[in-house]
Each structure stands twice: as structure tokens, then as C-alpha cells.
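Please look at the sequence and the structure below before reading on. The paragraphs that follow move through a few of the aromatic contacts.

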Amino acid sequence: MGHQEPHIDLSPRVSDTIRKTTCYMCACRCGIDVHLKQGRVAYIEGNRDHPVNRGVLCAKGAAGIMQVNAPSRLRAPLRRVGPRGSGQFEEISWDEALQTAVDWMAPLRANAPEKLAFFTGRDQSQSLTSWWAQQFGTPNYAAHGGFCSVNMAAAGIATMGGAFWEFGQPDWERTKLLLLFGVAEDHDSNPIKIGLGKLKARGARVIGINPVRSGYNAVADDWFAITPGTDGLLILSLVHCLLKAGRIDLDYLARYTNAPLLVNEDPDSPENGLFLRDAQGKPLVLDRASHLPVAFDAPAVKPDLAHGYRRAGITHRPVFRILADRYLAPEHAPEAVAERCGIPASRIRALAAELARVAFDEAIEIDQPWTDFRGTRHAKMVGRPVAMHAMRGISAHSNGFQTARALHLLQILLGTVETPGGFRFKPPYPKPMEAHPRPHATATPGQPLKGPHLGFPLGPEDLALDAQGNPQRIDKAFSWENPLSAHGLMHMVIANAHAGDPYRIDTLFLYMANMAWNSSMGTARVIDMLTDTDPDTGEYVIPRIIYSDAYSSEMVAYADLILPDTTYLERHDCISLLDRPISEAEAAADAIRWPVVDPDRDVRGFQSVLIDLGARLGLPGFVTEDGSPVYADYADYITNHQRRPGIGPLMGFRGDGTETGRGAPNADQLARYIETGSHFQAHIPPAAQFFKPWNSAYQDWAVGLGLYDSPQPYLFNLWLEPLRRFQLAAEGHGPHQPPDHLRARIKATMDPLPIWYEPFEQSAIDQDAYPLHALTQRPMAMYHSWGSQNAWLRQIHGENPLYLPTNLWDEHRFAEGDWARVTSPHGAITVPVAHMAALNPNTIWTWNAIGKRAGAWALDPKAPEATRGFLLNHLIHELLPPKGDGHRWANSDPVTGQAAWFDLRVRIEKVPAPDRTQPAFAPLASPVGTGPATLAWKIGK
Ligand code: SF4
């Protein structure tokens, strides 16, 4: 007998069922195949047909199994029975929980809707949550963008009608040079990794500009260890070099930007700094052929970038001339900024030359005719293959809005936006600032707000102020303190509510926002505010707190009523074009989540709970005329809600199932999504793929899909006229006047051209006493605080040392295992240190949100996250140090109100190792207790 090879099953079946849904282990929203065995999650892999990840799955995504089975999951609605912070709760029924919430909220709606403050954290259902808050009638609603990256988002939309990440992406197929500014590793995670892989395969260059060389910067071809807060200075110096060398795209500037628009230059005119307009209000350019001013969008106009125009004795000059004068000044020369940025002048000049060489000497062409909004036909699409990407690193500073504006100016001068090889918008963007709503904030008892809360004021008349000029919102968004706070200021809500400034609230309603720990500036102070009582009444200063979360986070202990959420595999969700979709530059896309497993606890998806509350409160849109609920749950809402006739949360399979974008609700829509992989794409035709803001074919396609109702071509705003309107008010013009103490700051910071100024905290402190910058970064393997409770991911990052550059390591004679005390003007922490050579010499940093409070998240109170992990938040304050002028200024960007996390300045000293990181907080009693010492998960054999 011959030898018989043993049979080996090389691909054993890991599951009996596969269900396709959308990952939520971070915000990228990759497609996943969830393998089930015996009805339980056995394995998760990437969906190869999904546009976001094409099958790629990261460590977080794979570890979703341990998230769905985490011991920290809340199990039932809870009512607090001990003092706030005691962790003493009793389980109650859903009926009781919802009735309690209604009993608290209904009188507020009837009498003073603003006394409900509803703020959400990392959720992805803002089109529902904002609509609910609008129908309730409270002005106090926002999501977490104000403490994340609103500077990036608002500057992008205001300058060019879209920003990075969810709004746009590099042209990964054609880019030859990519600049990454301050990018976190967990945002846009798989898409950037896939994109970088494509660039590397083609030999394209990647340059990282970041104080810390980790993650994407570690695989970059070149790295600029910039000093935190000076990105704008570097960028404007690059602009200086390009202007001086004449290496800018004049044709692009003349056609597609407001560079040729004529600006009033009479310093005494109430219109100084505003555009010359015709009788219909259209801005004017000088036509090179006729030498006459004509509307910017007149057919066949040839806008003049060089010459001014005098009318009624007033000189008007094109934006481009003003801009060139500004940035050609010696203060922007590389030699003038090098020391401050920590980058030699020769490297700045070399970077500018490299940008110009790739943009202009390696220009690419696509043989694709197209027609612009003036009716001009172009035989080809000409591209400048330089792309840029930025996130929180440039955003989380008090100069972040103007820095992000500067970055867009650089992109636009090179002609790299919406051209082949450059930066491309993703539908529903581009969408200019003017197409966004104005903010609405006037509360009327028993009535909805008259429009959406969030948007873009175009001038002082659009601010959210009452008749006396006081802020209408609890976070003071859209006030003179931060006029363009397009995402609200979540980081100020608790401090303002506690101070009763501008007024007291009754109920704080939070969703997925860990405000008693890693989401607040000055954690201990915020805990004190949440637990503080009124000496006269003995009641809590913030009387009621309702919180919804899936897990026993630190915030749970400080709430009065807990509405337990499901995990992401147990729920319906909608990743919608009305909200934060998953589109690509070539296609609009949306997606769903659906319950691929049933919850094994008494929990409900928060969005369904919100819809139920809306019906119980009788909110318009949530009840029919006879008072019965319009929607059974979130799935029903996703299917049947119409924001405008024919436009709903999902674009696919509308009407009879064949209609896309516009169409009547279709009862089979969710079933069709599930059948086809839980996502849907609508591809942009070839002639509409680039130059989207000005491309007639794109505009018509977008109208057809329902992104807008009529074509809306526009010009990029190099000169941001709405900012100038605020400056004019600060100079004394117009009926809407700022308070005197804010005039100088508005004039200084709301410049219509991008500027750089020193971050506020730096100028408010003794810099010799606090010589170092302190930052956090987000690791690829964690997403906010969720990941650091995950049994698998904790094995990657179970603690977070403070990383020090070589010069500090040597200067303080640190050795492995040492600890340091870190002191800021607001507090001190004692933490373990580690050496990292690839770091700006004046910067120390750590991973974000690894540190946990003992007792939270069902972790052992002695877990390394609690004993060796830590937060930098203890060193940060939501207010700047006193300056002696009687005001405590917010630690925020003065334009958008973005929390300035990265302005933090500190000093360090070596100290003996304590038994655990300091400050140490008393362990929390958790309603779910502590998980088992060993966690294993195996389904079947
Ligand atoms: S990148 Fe984010 S969404 Fe994609 S698989 Fe990883 S965790 Fe999931």
C-alpha cells in the first residue's frame, strides 16, 4: 500500500452564518463581515466589496468581538439611589425610566425649553439628534466637534466649501506628494493606511509635519518636527516663498477663487474690506478685456488679478494684490520664522521648492472635456499632484482656525484643490458656507426652534444673542466670544451651567460623552461641578443629569438616570448623506448597521429611545395628529422619515426600489441594503469627477441626487468677507456691537486673510516657568476610551508612559523605570516616563484616554490603566490664567470656540516613583461590578 497523506482542512469553517454590517470600533465606518456560530459572534473580517476599506480590517475592528462581550456593558436602565458619584443605582424598567425622563423634560418644554441641554459625544446620528432637539425647542444642542476638530471643519467649509476627512480626501490614485499635518492615527484610519500603501507602491513621496514621529509620520519619507502651535507660521512662510518665486497657479486663482474680487480700501468707509457689488448684490471683478467691473460669474469674463478700480472716489483692489503684499512681507520669510517653528530656513525653502516642482513641473492631464459654470468649455482636466491632509494637530490650538485657513490658502495657491492629483471633495461636499443654515437659538415655550441649531453666521446679525446682547446658548456658541462656533462648545457646557452663566439649566442630557473623565478639561474640577450643591436648597447645582452609554464609563456614576445603549452589532444605525456619510471622491455613499445579534440584556438603541421620548413628549414630527407615534423605532425612522419631499436618511433603493437619491420611502429599503452588503454607492460621471464647485456636470448630478435643489457654483474664499464684517463691528460700524472688552481681540483674530498669532495660553503665562509643550496623540489601536477596556486591545496599550525627547531625557538624567512630576499653571501629575528620540526637543507627549479611573469600565481597580495610566486633562483648564483685566478668557479658539487642548505648557522634574500615578481618585463603585480576571471567548469547538 502506498503512503496515504493525512487530510488537513486548510480552511475550516469558522461560522455558520455571515452578516454584513458596518464597523464602529472607530469613526471610519469600514464594512465588516460578522461571522456567527450558534447565533454568537465568532469572528469579524473586512468586507472586500466595501468602498471604505476594501476588505482591510484593523486591530480595533477585529477586536469588536471583545467589545460586544465586554463585562462593562450596562444591563438595564438605572436610577441613582445614593449621592452623585457614589455609584449606587437601582435597576428600573424601561417604562419607568422613560416616564421619569418625560416627567423631567415635559415641564421644561412647556415653560423654558432652554433649560434642557442635550449634547452628544461620538455618536453618528446627528441628523436625528439635532432634529429632535430642534423639535423640543431647546437652543442647547451640539455634538462633540467643539472639543475635537471644528477648527479644521469650519475653516475648510468657510474657505473652500469642504474640509479634510469626511469632507474630502487626497486623490490617492494620482497624488505624487502628500503633506500630513498633525494627523491622529485613529481618525480616517484604514482609508489613510490604504492610501499611503498606494502612494508607496507608486513611489510618491509622503512628508509628515508633526512634533511626534509615530504612526503615519513614522512611514513618511521626510519628517518636520515642528514646534506645537507654529504650523500656521510655517505654512505662511511656504506661501511667502511660492509668491516670491512666482510659483502659483494664476489661472486657477482667477477662475475659481475670490482672488480677483475687488475690495473696498477706504479706511473711513463702513464698507472697508467688503467687496464691490452690483445692484443685485453680486461681487464684481475687473474684466481684462473690457477693463470694466462685471459680475464674477458673467459668461466669458476674464477676471483681472492685478488692477484696481476706483468708484465714487474709493479705491478697490483685487484680493490677490492685498494678499501678495501681506505675505511677501519680510516677517513671513523662512529666516524670520525658522527658530520659532523649530525648522531651519533652508528646509522651509526646500519644501516650498518641492511643492512647486511637483505641482507645476509634474502636472498631469486627464483627457476629459468639461464645462464650467461660466459656460467655458475645457478640453482637458489639468491637475497639480500635491495633496494635503490635516486633523486635530493643527486644530486643537487657539490659533487653529486661522492655521487651517492658511493651509487651505497654500493648497489653493498651488491650484491643487479639486484637480487631478490634489485634494478632492466627497459628496455631499463641496457645499459653501453660504449654503449652510444660519444658527437658530430663540426658544419659545411649547414650540420647536425655527431652524437648525448649528450653521455659519455670515455677520454679526446672525449671532445667537438675545435683545440685550447676551448669549442665548448655554455654551455661548455663536456669541461675540466665538462667532463661528459651528459645532458648539461642549467643553464649556458643564462649567457654564454650574456658574449659571449665562443662565442656569435644569436637565443635562448627554449621550456617549465621558465628561467626568477624559472628555473634560480639568477632570477633578468638572467632577466637583457635577456634584456641587446649592447651599440654600441643598439641591445639586445642575439639578438633573440623564446619560446614555453602552458601557459603565466614569460618567455613569455622576448621572441620575441611565438609559443603557446597545453595542454596535446589536442596533440599527444610518450613516447618512444628511449627516456624516462614507462617500468617496468618485461616489456618494451611505451605509447602515443592523442588529446582527440580539442584545442579551435589557438595553435599547439610543436613537430608538430618543424617538420614543419624542413621541411621549408629543414633539412635532414624532406624533401624528391623533397623538400616536409616527415611528415605531429608529429602523422605521430611517425608512420613512423625509427631511425634504423625497429626501430621506438613505439614498439607495427609494421609491419602487430603483430610485436613487430622490424618491418616496420604500418599505423594503433596509432589507435591500442588508441583501447588498449594508452600503450603497452612486457614482459620479467621468465629466463631473473633478472641479466639482465649478463643474456644471457635477452640479447637475448633485441636484439629481438631491444633495441640493439647484446648482450652487461658488468661488473659494481666500478673503473671508464674513470675518471682515465682525471686524467692522469691532471698529464701531453697524447696529450690532460687541462688548468693549472683546473689540481688540475680534479685530486682531478675525482677519479676513489667514494670520498666525501666538497661542493664547502661551502669551498668558511665564514661558520660562513652563518651557515645554505637552500633547496627546491617539494610537491606531484605540479609539477614545472605548478601546482601553477591550480585553484584546489592552494587550497593545495597557498603560501610557510620558514620552520625552533625548535632550530632556539626558538633561534630567532619566533612566528606564523613572517617574516625573509634570506641572502646568493649572495642576500637576506624577507619571512614568519613557525615552523617544523622534520628537520635537521642546515637546513631551502621551497616548490619549488610556488612563482609567479605578472601578470604571469593569476593570480591576488595580489594572495598569488605573495605576500606571494617566490623563493630561488634569493639567488643562477650560479658562486661561487671569490676565489682570477682570476677565477669565476661555481656553478656546476665538473664532470657532474649539477647545485648545494642545496649547498646554508644562515643566517636568524627576521624582521618586510613587506606587501609582497621581492624582489618584477614589475607586468608583460601578453598577456592573468588576469583570472576571481572565476573559476568553470561543464559540463552539
Ligand atoms: S479603521 Fe475603524 S472602522 Fe475600520 S476596521 Fe478599524 S476600527 Fe473598524
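**Aromatic rings in the model**

Tyr252 and Tyr256 both belong to helix H8, residues 250-256, where they stand four residues apart, about one turn of the helix; helices here are DSSP runs (H or I, at least four residues) numbered from the N terminus. This is a predicted model, in which local features need pLDDT of at least 70 and side-chain atom pairs count only at pLDDT 80 or more, while totals for chains, interfaces and linings use all residues. Residues are numbered from 1 along each chain as its sequence is written, and side-chain values use heavy atoms, with hydrogens and water left out.

Both Tyr252 and Tyr256 are buried, a term for under 20% relative accessible area (1.4 Å probe, protein chains only). Their rings form an edge-to-face aromatic pair, 5.5 Å centre to centre with 80 degrees between the planes; rings of Phe, Tyr and Trp (its six-membered ring) pair if their centres lie within 6.5 Å, and planes over 60 degrees apart count as edge-to-face. The centres of the Tyr783 and Trp786 rings are 5.5 Å apart and their planes are at 65 degrees, so this pair is edge-to-face, and both Tyr783 and Trp786 are buried.

Ring pairs also link residues into a cluster, with Tyr252, Tyr256, Phe164, Trp370 and Trp694 among them, and a search of the whole structure finds 39 aromatic pairs.

Charged side chains meet rings as well: Arg347 lies over the face of Phe224, at 3.9 Å from the ring centre, and Arg84 lies over the face of Tyr540, at 4.1 Å from the ring centre. A charge sits over a ring if NZ of Lys or CZ of Arg is within 6 Å of the ring centre and within 35 degrees of the ring normal.

Key: Rings of Phe, Tyr and Trp (its six-membered ring) pair if their centres lie within 6.5 Å; planes under 30 degrees apart count as stacked, over 60 as edge-to-face and the rest as tilted. Helices (H or I, at least four residues) and strands (E, at least two) are DSSP runs, numbered from the N terminus. Buried means under 20% relative accessible area, exposed over 50%, partly exposed in between (1.4 Å probe, protein chains only).
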